Amino acid sequence: MEVKLNAEDTTTKHRGLLISGLIIAMLFGALEGTIVGTAMPRIVGELGGLSLMTWLTTAYMLTSTTIVPIAGKLADLLGRKSVYVSGLIIFMVGSALCGMSQTIEQLIFFRALQGLGGGIMMPMAMIIIGDIFTGEQRAKWQGVFGAIFGLASVIGPQVGGWIVDSLNWHWVFYINLPVGIIATILISLGLKGVKAEGPVRFDVAGMATMIIGVVSLLLALTFGGTEFAWTSWPIIGMFVLSAVSLTAFVWIESKTSEPILPVRLFKNRTFTVVNGIGFFMSIGMFGAIMFVPLFMQGIVGISASASGTVMTPLMVTMIIASVIGGQIVYKIGPKLQMSIGMIIMAIGFLLLTTMSIDTSKLAASGIMMVIGLGMGLVMPLLTLILQESFPKSELGVVTSSSQFFRQIGGTFGMTILGVVMNNRSDTLLSENLVPVLKQLPQQGGAMVEKITASIHMNPQALYSALLSPETLSQFPQELIHTMVPIVKSALVDSLHAVFWFGLMFVLLGALLTPMLGKIKLVKQPRKKRGKAVSSDVATE
């Protein structure tokens with residue numbers, strides 16, 4: 001280790017100011033994604049570039065995901081304050097430039113810059129919580145911060161809609177500036193600086209290979225099967241580039257003195273198991289978050305805005321369970337609580353597979369509550385266990401790794417479950433709907449070709465179109481009576497396949513929990529124990 005941080009870095013001048021700053025920063029950082037999503041139609045309507053709209057999300061996701069492990073390592077090397085404040089400033093500059101964008105291309109570029117700041121900010125709050133609190137207190141506060149993230153998911157769309165309707169889409173980004181300035185001031189006042197002892201060495205080669213590998217992988221997963229066929233040379237090329245770069249990254253990390261993500265961490269059972277649980281849970285979790293609204297709109301027949309309210313119980317119970325779970329984990333232990341949470345999530349996904357055309361909004365909301373309860377019990381523990389299992393010198397790396405693997409898992413989830421959905425829909429609609437469409441009069445041939453092409457390319461958009469009153473009005477009434485039941489049946493069966501796959505991944509995560517061993521949190525602060533003690537947990 002070439003550099004040691006002065007102990008003053010992880011103490012605080014004014015803990016109340018610091019906690020207030022962390023809460024504000026976490027809230028406005030988490031709100032950004034949901035607020036921007038609500039404003040997208042208005043943004044595209046003014047700037048144009050409908051074909052590039054997905055890049056508004058993709059650009060942010062690419063940079064924010066990639067920077068997470070780098071930010072964690074820099075926090076260990078340079079100190080929390082300098083890295084966190086830098087992330088806040090980058091986020092605010094990116095937000096200001098997004099608000100001033102005159103073209104969709106400018107906005108995409110500045111969203112990527114904003115994502116760099118966001119990716120630095122998100123893990124830093126959990127890292128600092130790990131610094132300033134004992135094991136029992138960490139559990140409570142990480143439950144609170146998990147609740148803040150859930151709250152942002154609930155109120156984000158409403159806040160975004162209000163801003164767009166009352167002001168304009170530019171203020172979706174400008175609103176970050178006054179809030180960000182307040183958070184930056186509070187954190188700067190509350191958190192002491194760092195004095196590095198000895199030369200600081202940056203793993204430049206590791207950063208470069210990791211960025212190339214992760215970005216290539218995320219691009220391939222994002223655009224495979226949509227913009228390009230999975231077997232096309234751009235997608236295959238990106239997968240190959242990712243594999244080569246990540247292989248080089250692993251080799252570099254095993255040789256360098258200050259690796260971004262030390263390979264030796266994966267030899268630690270706790271590190272591997274906890275991140276594996278987070279990865280599989282995130283894959284399955286997107287089965288609920290992405291596809292339940294489609295079920296409610298397409299099958300139950302409620303509006304897009306009303307389908308969003310079905311997801312609110314998930315977020316509300318997740319918030320409640322995060323807060324309660326953070327308090328009871330010290331009594332029942334993290335291993336038991338995580339096992340209970342994963343089992344509850346699995347039960348929720350099993351209930352999703354029972355939904356049918358007759359499922360009511362109330363019943364769907366009840367299932368969401370079950371899933372949210374399980375998520376709330378598990379998510380704060382993914383960070384807590386890692387922080388309690390490693391010495392303070394590696395707190396930034398292990399904390400950021402937890403978020404990194406969850407974000408990668410979410411991307412895998414969107415891709416894998418999307419492929420399941422499309423393949424199942426392709427089979428069912430080709431077998432049952434296409435023959436019916438071919439019975440249309442000859443002048444309807446163009447429409448048949450268009451729908452058939454959509455079956456193979458984008459079944460989700462096809463479901464939305466064929467189940468909307470405006471589209472159905474273009475078809476003969478007798479055909480509607482024949483077609484709609486086929487489309488709804490195909491949608492139900494396809495979503496059942498998605499939910500079964502989601503359940504499978506949640507169960508894989510649940511099967512990992514017994515491998516954690518016996519974990520016991522202790523109350524005493526780190527700094528009061530000897531330097532030889534590197535863990536706050538006793539593992540058997």
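The following legends describe an overview and several close-up views of a predicted model.

**Figure 1. Overview of the chain.** This is a predicted model, in which local features need pLDDT of at least 70 and side-chain atom pairs count only at pLDDT 80 or more, whereas totals for chains, interfaces and linings use all residues. Residues are numbered from 1 along each chain as its sequence is written, and side-chain values use heavy atoms, with hydrogens and water left out. The secondary structure comprises 19 helices and 2 strands; helices (H or I, at least four residues) and strands (E, at least two) are DSSP runs, numbered from the N terminus. Of the 540 residues in the chain, 55% are buried, where buried means under 20% relative accessible area, exposed over 50% and partly exposed in between (1.4 Å probe, protein chains only). The chain has an accessible surface of about 22400 Å², and carbon and sulfur atoms account for 68% of that surface; accessible areas come from the Shrake-Rupley method with a 1.4 Å probe, and for residues only the protein chains shown count as cover. Among contacts between residues at least 6 apart in sequence, 82% join residues at least 24 apart, a contact being heavy atoms within 4.5 Å.

**Figure 2. Packing of helix 3 against helix 4.** Helix 3 (residues 80-99) and helix 4 (residues 104-132) pack at an angle of about 150 degrees, and their axes are 7 Å apart. Axes are lines fitted to C-alpha atoms, for helices over the stretch in contact, and angles run from 0 to 180 degrees between N-to-C directions. Helix 3 is therefore roughly antiparallel to helix 4; angles under 35 degrees count as roughly parallel, over 145 as roughly antiparallel, 65 to 115 as roughly perpendicular and the rest as oblique. The crossing of helix 3 with helix 4 is left-handed, meaning that the near helix is turned anticlockwise from the far one by less than a right angle, whereas clockwise is right-handed. The contact of helix 3 with helix 4 has 18 nonpolar, 6 polar and 3 charged residues. In this classification Ala, Val, Leu, Ile, Met, Phe, Trp, Tyr, Cys and Pro count as nonpolar, Asp, Glu, Lys and Arg as charged, and the others, Gly among them, as polar.

**Figure 3. Packing of helix 3 against helix 7.** Helix 7 (residues 176-190) packs with helix 3 at an angle of about 170 degrees, with the axes 10 Å apart. These two helices are therefore roughly antiparallel to each other. Residues of helix 3 in the contact include Tyr 84, Leu 88, Phe 91 and Met 92, and those of helix 7 include Leu 177, Ile 181, Thr 184 and Ile 187. By class, the contact of helix 3 with helix 7 has 9 nonpolar, 5 polar and 1 charged residues.

**Figure 4. Crossing of helix 2 and helix 8.** The axes of helix 2 (residues 54-78) and helix 8 come within 10 Å and cross at roughly 150 degrees. Helix 2 is therefore roughly antiparallel to helix 8, and their crossing is right-handed. Among the residues that meet are Trp 55, Met 61, Leu 62 and Pro 69 in helix 2, and Met 207, Met 210, Val 214 and Phe 223 in helix 8. The contact of helix 2 with helix 8 has 14 nonpolar, 5 polar and no charged residues.

**Figure 5. Surroundings of Asp 203.** Asp 203 lies in the loop between strand 2 (196-197) and helix 8 (204-223). Asp 203 counts as buried because its relative accessibility is 5%. Asp 203 and Ser 257 are 54 residues apart in sequence, and their C-alpha atoms are 8.2 Å apart in space. Neighbours within four places in sequence aside, Asp 203 contacts Ile 252, Glu 253, Thr 256, Glu 258, Pro 259 and Ile 260.

**Figure 6. Surroundings of Phe 280.** Phe 280, in helix 10 (residues 269-300), is partly exposed, with a relative accessible area of 22%. The C-alpha atoms of Phe 280 and Leu 508 are separated by 6.6 Å, although these residues are 228 apart along the chain. With neighbours within four places in sequence left aside, Phe 280 is in contact with Phe 505, Val 506, Leu 508, Gly 509 and Leu 512.

**Figure 7. Surroundings of Ser 322.** Ser 322 is placed in helix 11 (residues 304-332) and counts as buried at 2% relative accessibility. Apart from neighbours within four places in sequence, Ser 322 contacts Gly 143, Gly 146, Ala 147, Gly 376 and Pro 380.
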